[in-house]
Amino acid sequence: MKKIIAVTACPSGVAHTYMAAESISQSATGKGWECKVETQGSIGIENELTAADIQAADLVILTKDIGIKNEDRFEGKTVVRIGVSDAVKRADAVMAKVEAFFNKQ
């Protein structure tokens, strides 16, 4: 089973951060993949990814609308950067591209 991890954040740190997290999670689990999403919102970091989560991940998705805190922990991993609006509105299309990436390996 593929394991996806993600970090979502938006400039205001409110609704879109959590909407993106939910959309990514639903789309990934719909593909049968394991998924954990950390949110970096206005109240800080929630559902923080552990070192074990990062080590086990096949792919990291980061929203790119604002700087992600502690991004250096993903060094050496395959990272995909998407806009928070794409995570909310086009998560299925993003996951289709991720699936194509996995199929090439």
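A nonpolar core is a set of buried Ala, Val, Leu, Ile, Met, Phe, Trp, Tyr and Cys residues joined through side-chain atoms within 4.5 Å, where buried means under 20% relative accessible area with a 1.4 Å probe and protein chains only. The views below come from a predicted model, in which local features need pLDDT of at least 70 and side-chain atom pairs pLDDT 80 or more, while totals for chains, interfaces and linings use all residues. Residues are numbered from 1 along each chain as its sequence is written, and side-chain values use heavy atoms, without hydrogens and water.

**View 1. The largest nonpolar core has 19 residues.** Ile4, Ile24, Trp33, Ile61 and Val98 have the most contacts inside this core. At least two of its residues come from each of β1 (3-8), α1 (15-30), β2, β4 (59-63), α3 (84-89) and α4; helices (H or I, at least four residues) and strands (E, at least two) are DSSP runs, numbered from the N terminus. A second, separate core of ten residues includes Ile54, Val60, Leu62 and Phe74.

**View 2. Here are the neighbours of isoleucine 61.** Not counting residues up to four places away in sequence, Ile61 touches Ile4, Ile5, Ala6, Val7, Ile24, Val80, Ile82 and Met95; contact means heavy atoms within 4.5 Å.

**View 3. Threonine 39 lies in strand β2 (residues 34-41).** Is this residue buried or exposed? Threonine 39 is buried, with a relative accessible area of 6%. Leaving aside neighbours within four places in sequence, Thr39 is in contact with Thr8, Thr17, Tyr18, Ala21, Gly44, Ile45 and Glu46.

Terms used. Buried means under 20% relative accessible area, exposed over 50%, partly exposed in between (1.4 Å probe, protein chains only).
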